[in-house]
Amino acid sequence: MNKILFSAIALMFATTAMAQLPKIPATYSNLGYDTNGRLYFENKGEKYFAEEFKNPLTIEQLLGKPEATENGVQMDFGTLKGTVTYGLIPYGKVPHPLPVYRKTVKIEDGKIVLNIKDDFKYPYDFVDWKKNGYLNLGYRIADEQGMLLFDGIVALKGEGPFEVIPAIYEGPFVNMVTDNSAVIWCKTTRPVKAEIEINGKVYKDEQETTPHRWNIAGLTPNTKHNYKVKYGIQSQSYHLKTAPSKGSREAFVFGYASDSRHATGGGERKILGANAYIMKKIAALANMKDVRFMQFTGDMINGYLSSKEQQRVEYSNWKKSIEPFWHYMPYYIGMGNHEALGLIFNDEKGKQQAFIDAFPYETQSAEALFAEEFINPENGPDSEDNNKYDPDPKNIDFPSYKENAFYYTYGNVAMIVLNSNYWYAPSIANQTASSGGLHGYLMDNQLQWLRETISKLEKDKNIDHIFLTQHTPAFPNGGHSKDVMWYGGNNEKRPYIGGKPVDKGIIERRDEYLDILINESKKVVGMLTGDEHNYNWLKLTADMPIYPGNYPHKKLNVSRPIYQINNGAAGAPYYGQEVLPWSKHTQSFSVENALCLFYVEGKKITMKVFNPDTLNQIDEVELR
């Protein structure tokens, strides 16, 4: 009797535990849970279990759990081994404050102890911390091999004994700047009621928190506005400039780049996840050229992880690389394939069998993390739910497009940001059994939203120029001829939903996309793309060959020319040029690091391209 009771209780607990597991979306196929609740992918009778990421880094760990001491601060980084380099940050003394590093210490048993009194006594107290009664210490963590892992900050109050106080470790950042509004946001190391003062108004947090966001309204067009962020006993002051008033057609410059995932060469070229060296150079050059906003479309980081928290660290490293300049001008960010965050299924030898977007989508997907880490407009499509392929219309089966597909306007320019890596399953190109989104494919609901958005902008008398940006080129030229919107000319490549292929192949979908830009618009100038780590441009005209031999489907009517401008040269390892059907139309191919600057003067647009590392001009093209 006791054995029967025990078995019943065990079954009850097992059933309850299984019921609490995340529901597998109906859009996936061949996924299941075993009796222990382990998620698996099954293919040809073999089961492959989801990877468990070992010892992921977290922001909390890297912030070091600081504790004040009589002489300074001690920090605990858990199991980390390596070194910490540190120095004072001169907030208020320079326009683009960065740590001025002074000393390096070895991490011992995961811990460091810093003697502020001795390390930054006269004449090394260049921030006047003794006079002001507080200081901000920037620190950089490197592992045992010397690879840089994280740039952090700790703030201290007093002259000894010290007290740890809140610090801003990300931001403040300016985003979504219009002619009369803006969004300013930041993250603090500890909860605090922060506030911002701008244009004679004060915006306050309602409660103590670590993420902070202020929606600023009532600003004057085309005007410099000073702002001050106050947090605890500290404050930081910067400024932003609003967009020109609608219809004014005042001249301005905007910038474009993509692909800054970490590279070879050591140092800041490989801070975990990002090439911070080139990104910092790009931001500095953009600032020097009075750029009013930057568009960056994908592959900021190395990514391709199954740990949400470690991917968050990589995003933080990318943001920190351009932080000193993001205080002043907005950066709009789009997704690429290296923003992939998912469930990885390996065999016993460690060979990957499947990689899909993580679920539950609202908290664990690549799209969900992206929305947590960046501020973008929320005017895009909802999701791919309720498209004609949706196997379960009553439930959410796709991730959200919130802040990863959107559009914005600045002056007489509109920028439409698409997600060509939505619901991305990196393995789907070669392994369709799991189902998932395809690299380079714009899915049905997003395409319909694009058509409606183009139609609206065509009717807007204040908009003269429309740019599209998606991470993947329509016409690859170097490094990605076997995927993006071409796949070596193989139109069979397409997403799978609920185990079934969608109707249109990748080249058919490319043409549907281009048809909207060319034949449903007179304002579209062209596409800004990346993915391929080089700079080049081409002008799509009716005489440019764009199909494989014996292509059986309807072909695109190129009734007017548009440009494809590829700039994936923000620091990722370069790709050389390949020979493709349209190679004779490809211009200015370069593997130099590059920043594209667009000079908008009413109806005229000129693009100038510079190497941010050496400052030489690479190219100049009159687009309109």
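How many aromatic pairs does a search of the whole structure find? The search finds 39 aromatic pairs, where the rings of Phe, Tyr and Trp (its six-membered ring) pair if their centres lie within 6.5 Å, with planes under 30 degrees apart counted as stacked, over 60 as edge-to-face and the rest as tilted. The model is predicted, so local features need pLDDT of at least 70 and side-chain atom pairs count only at pLDDT 80 or more, whereas totals for chains, interfaces and linings use all residues. Residues are numbered from 1 along each chain as its sequence is written, and side-chain values use heavy atoms, with hydrogens and water left out.

One of the aromatic pairs joins Phe 77 and Tyr 139: the ring centres are 6.0 Å apart and the planes stand at 50°, so the pair is tilted. Phe 77 lies in the loop between strand S5 (72-76) and strand S6 (82-88), and Tyr 139 in strand S9 (residues 134-143), so the pair ties together parts that are 62 residues apart in sequence. Helices (H or I, at least four residues) and strands (E, at least two) are DSSP runs, numbered from the N terminus. Phe 77 counts as buried at 0% relative accessibility, and Tyr 139 is buried too, with a relative accessible area of 1%. Here buried means under 20% relative accessible area, exposed over 50%, and partly exposed in between (1.4 Å probe, protein chains only).

Other rings gather in a group. Phe 173, Trp 185, Phe 296, Tyr 315, Trp 318, Trp 326, Tyr 331, Phe 370 and Phe 374 form one aromatic cluster. The charged end of Arg 38 sits over the ring of Phe 49, 3.8 Å from its centre, and that of Arg 510 sits over the ring of Tyr 547, 5.3 Å from its centre. The criterion is that NZ of Lys or CZ of Arg is within 6 Å of the ring centre and within 35 degrees of the ring normal.

The nonpolar interior comes next. A nonpolar core is a set of buried Ala, Val, Leu, Ile, Met, Phe, Trp, Tyr and Cys residues joined through side-chain atoms within 4.5 Å. The largest such core has 66 residues, and those with the most contacts inside it are Ile 416, Leu 450, Leu 468, Tyr 513, Leu 514 and Leu 540. Helix H10 gives the most to this core, with 7 residues. Apart from this core lies another, of 57 residues, among them Phe 77, Ile 107, Ala 182 and Leu 219. Leu 540 touches residues including Phe 475, Leu 514, Ile 518 and Ile 546, not counting residues up to four places away in sequence; contact means heavy atoms within 4.5 Å.

Helix H10 has 14 residues, which at 1.5 Å a residue should span 20 Å; its end C-alpha atoms are 19 Å apart, which agrees. The expected span is 1.5 Å times one less than the number of residues. Of the 14 residues of H10, 11 are buried, so the helix is largely enclosed by the rest of the structure. The buried residues of H10 include Arg 509, Arg 510, Tyr 513 and Leu 514. What covers them includes helix H9, strand S26, strand S29, strand S30 (535-540) and strand S31 (562-567).

Helix H9 (residues 444-458) has 15 residues and should span 21 Å; its end C-alpha atoms are 21 Å apart, which agrees. In H9, Gln 446, Leu 447, Trp 449, Leu 450, Thr 453, Ile 454 and Leu 457 are buried. They cover an arc of only 160° around the axis, which puts them on the same side of H9; the arc is that of the directions from the helix axis to the C-beta atoms. An α-helix has 3.6 residues a turn, so residues three or four places apart point the same way. The cover over the buried residues of H9 includes strand S24 (406-410), strand S25 (413-417) and helix H10 (506-519).

The loop between S26 and S27 holds Thr 472 and also Gly 488. Thr 472 is buried, with a relative accessible area of 0%, whereas Gly 488 counts as exposed at 56% relative accessibility. Leaving aside neighbours within four places in sequence, Thr 472 is in contact with residues including Ser 420, His 439, Val 484 and Asp 531, while Gly 488 touches Ser 481 and Lys 482.
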